[in-house]
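Here are my notes on the model below. They cover the sheets, the chain contact and the salt bridges.

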Amino acid sequence: MIVRIAWRNLWRNKSRTAIILSAIAFSYGLMLMMFGIADDSYREMEDGIVEAVGGHLLIHGDGYWDFPTGGYVVDDVEARHAELEQTPGVEAVAHRIIGYGLLGTAATSEGAQILGINPDDERAFFNIEDKIVEGAYFGGERDNPIVMGVDDAQTLGVGIGDRVVVTASDIDGDVARGLFYVDGLVRGAAGQAAEGRAYVEFDTLQRMLGYGNGATQIGVRLVDGDDRHQVAHTLRADYEELGLEVLTWDEAVPEFVGLIEMDEAFTYIYVLIIMIIVILGITNTFLMAVMERVREIGLLSALGLTPQRIGALIMVETVLLTLISMTIGLGIGLAGHFYMINVGIDLAAVAGMEIEVAGLELGDMVIHSYIDLGRWIVGSVAIFLFVCASALYPAWKATRLAPAEAMRFYE
Amino acid sequence: MTDDMKIEDPAGDRALIEVRDVHRIFHDGAVEVHALRGVDLDVEAGEFSVLAGPSGSGKTTLLNVIGCLDRPTKGTVHIGGIEVSDFDRKKAAEFRLRNIGFVFQAYNLIPVLSAYENAEFVMLLEGIDREERKKTVEGLLSEVGLEGMFDRRPHELSGGQQQRVAVVRALAGHPMVVLADEPTANLDSKASEDLLDLMYGLNQEHDVTFLFSSHDPAVIERCSRVIRLDSGEVVADERKGEE
C-alpha cells in the first residue's frame, strides 16, 4: 500500500515531477557521457603514450632512463629478446638502439634522435604505415635506408632516395658517421614517428655505434596492459641481477599519470558540483511536497501510520522517482555514448593546435567513448544514494509532524 | 491488551474511556492557552455521545487527547484500561491503528486512493488478509449505499459519500471506539441526516462506541449523551432518557 500511495503521489503534480525527473535524468546522463568520454580519452592517451615510449614495459641498462647516454647497454640482446617472447602475458618484443646526433647534408644539419629498429618487430608497437607520407617504410629497395619526418626532410632539403649523413656518439663517446638513403617520409604525429626522430635498421646502427651484441632498449608489449606491474615485478627478479632496469610505461612517464589523475579529479569535482546543485533543488522540491501535504500526512498518522512508515513513504517516493529518472538518464547516457562512438571529437580540430603531453604529441587523437563498467556502476550507485539522501530531510520533517497539529492544517 | 496493542476486553469493571483531570496547555509565544482545564469524563462501551460546545470550548482538543493524537499537559487517559496518555508517537500510532476509528470534518480520505482502497487502508495496515478485507469492505461499502462507486477517487465523490467512505474505513478495522470530529460540518442537512442515521444504525447493529465532537444541533439531537464543554471544562453532562 505504501508503494501504491507513493507511486500515485508522484503523479499528483505532473509538472513538478517532470522537472525533478528531468534534472536527475539529464545530470545522470551527462555524468555517464562525461565518464565515457574521459575514459576513452585516457585509453587513447595511454595507447598513444605506450606507442610513443615503445611498449608497456621498457628494459634498459640500469640507470639509462634517468641519464640516457650510450653507457647503458642491454648485453646479449638476442637472448633477452628470446626469453621475453616466452614470458607469459607478453605479446611482442622489439629491441632498439637509441642514439642522439645530427642528420646532415652537404648544406645543413638537424639535431635528431636516431633509432635503430627491426622494422618487422616494430609493427606490433606502432602503425607507421599510416603515417608514411611519401616513399616506404623500409621497402628494401635501398642500402642503409632511413625513414624520417617530413619537416626534418624539408629543413634538410632532401627527398626520397637522397643521401643523409647520420652523425652520433658511439658507445665509447667517440663520433661515428654513416651514410643513409631516404626511404620514407612520415608526418609528425602521435607515436614514435614524430618530428626530430629518424629510423634506421637495427643491425646497421648497432655496428655503426659499436654496440656489439647489445642494444639500448627492449620494448615489451603485453596482451593486457593492465598486467604491466605484475609482469614487470616478475621480470625484475631476474633482470636486476643482470644490471637491467624494468620500467612500466607509467613509471617511465609519471607526469602523464599525474595528468590523468588530475583530470579524473576535475571530472569528479565537476560531477559533484552538478549533483549538489541538483540535490539542493530536489530537497527543496520534496520539502515543498511534504509541506503541501501536511494535512494528509496528519491523516495518515491519525489512521495509524507510524512516523517511521510516514518517513518510509517519502523515501519510497524518492526511490521510485530516482529509479525512473536514472532509467531515462541511462538512456541519455547510452545515446551519447553511441553517438560518441560513431562520431567522436577530433581533439586537434577542437583545440586548433597540436597537443603535447609530457613531451609526447597527441594531436591526432580522436576522442570517442568507452564504458568502464566499474566506474559507471560506482557513479550510478553514488547518484542513487545522493538523490535518496536529498529526501532524508523532507522525510525527517514528515516524521516530526504532530498529527493533531497536522490535522488542523488548512482548517 | 495483546502484544499487537488490540484491546480484547474493553469493559471489565471500568469505563471504556476514562479521562482524569486532563489539562492541555498550548503555548503561543509567551502566551499560554488553556484548552482543557481539569476534565474528568467516563465513556462506556456502546455509547453514542457527543462533546458539544462553542468554538474554542476544547471539544476537538479533548477528542484529540482521547484519540492519542495529542498528549495532555497533565492528567491521564485510559482506554480499555490502558493508560494511553504517556504513549510515545510510535506507540500511539499503533494503538490508534488497532483500537480507534476516526472520521474527520474534511480532507478525510487519501486523495490518491479509490473509495475501496481508502476503506481497506486501516485493515491493510493491520495486516488483515485480502479475502477478509474484501468481504468486510465490500459488505460495509454496500451497507452504506456506495455500491458501484468502489473505484471512484475522493474527488469523484460528493461530501456525504466521502464521509460514508470514512465511516466504513473507521469501522473496517473493528475498533473499540469511533471518534468523529465535526463529521457533518461540511454537509448539507439531508446528507448530515443520512450520515447520522448510518452511524446510529452501525452503533446499534455493531455495538461500536461513537464519540462525536460537534456543535451541530442535528448531531446533538441524535446522541444519547451530550457532554457540554466551555472554556476547557465540562459544564454539563446530559444523558437522554435519564431524569
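**Notes on the model**

1. Six strands of chain B make up an open sheet, in the order β6-β7-β8-β3-β9-β10, and the pairing is mixed. Strands pair if DSSP finds at least two bridges between them. Helices (H or I, at least four residues) and strands (E, at least two) are DSSP runs, numbered from the N terminus. The edges are β6 (100–103) and β10 (233–239) of chain B; each has a single partner strand, so one side of each lacks a neighbour in the sheet. From one strand to the next, the twist averages 20 degrees. Axes here are lines fitted to C-alpha atoms, for helices over the stretch in contact, and angles run from 0 to 180 degrees between N-to-C directions.

2. On provenance: the model is predicted, local features need pLDDT of at least 70, side-chain atom pairs count only at pLDDT 80 or more, and totals for chains, interfaces and linings use all residues. Residues are numbered from 1 along each chain as its sequence is written, chains are lettered from A and ligands numbered from 1 in the order in which they are written, and side-chain values use heavy atoms, with hydrogens and water left out.

3. Look inside the six-stranded sheet of chain B. β3 (residues 48–52) and β8 (residues 209–214) of chain B are parallel, paired over five bridges. There, B:Leu51 has B:Ser213 in β8(B) as its bridge partner. Helix α1(B) packs on this sheet and touches β3, β6, β7 (177–181), β8 and β9 (225–230) of chain B; its direction makes about 150 degrees with that of β8(B). Contact means heavy atoms within 4.5 Å.

4. β9(B) and β10(B) run antiparallel, joined by six bridges. B:Val226 has B:Glu238 in β10(B) as its bridge partner. Two residues separate these strands in their hairpin, where B:Ser231 takes a positive phi near 50 degrees.

5. Chain B also has an open sheet of four strands, ordered β2-β1-β4-β5, with antiparallel pairing. β2 (31–43) and β5 (82–83) of chain B are its edges; each has a single partner strand, so one side of each is left without a neighbour in the sheet. Helix α1 (residues 59–66) of chain B lies across β1, β2 and β4 (74–79) of chain B, at about 65 degrees to β2(B).

6. Which strand do nine bridges join to β2(B)? That is β1 (residues 17–28) of chain B, and the two run antiparallel. In β2(B), B:Leu36 is the bridge partner of B:Arg24, and B:His34 that of B:Ile25. The two strands form a hairpin with two residues between them; in the turn, B:Gly29 has a positive phi of about 70 degrees.

7. Now the interface. 28 residues of chain A are in contact with 29 residues of chain B. The buried area is about 2500 Å², with carbon and sulfur atoms giving 64%. This is the accessible area (1.4 Å probe) that two parts lose on being put together, summed over both. In chain A, A:Met1, A:Arg8 and A:Leu303 lose the most area to chain B, together 25% of what that side buries.

8. Between chain A and chain B there are three salt bridges. A salt bridge is a side-chain nitrogen of Lys or Arg within 4 Å of a carboxyl oxygen of Asp or Glu. One of them joins A:Arg4 to B:Glu117, with the closest N and O atoms 3.0 Å apart. On the side of chain A that touches chain B, α10(A) gives the most, with six residues.

9. Over all chains, the structure holds 31 salt bridges. Among them is A:Arg16 with A:Glu292, the closest N and O atoms being 3.1 Å apart. A:Arg16 lies in helix α2 (residues 14–53) of chain A and A:Glu292 in helix α9 (residues 254–292) of chain A, so the pair ties together parts 276 residues apart in sequence.
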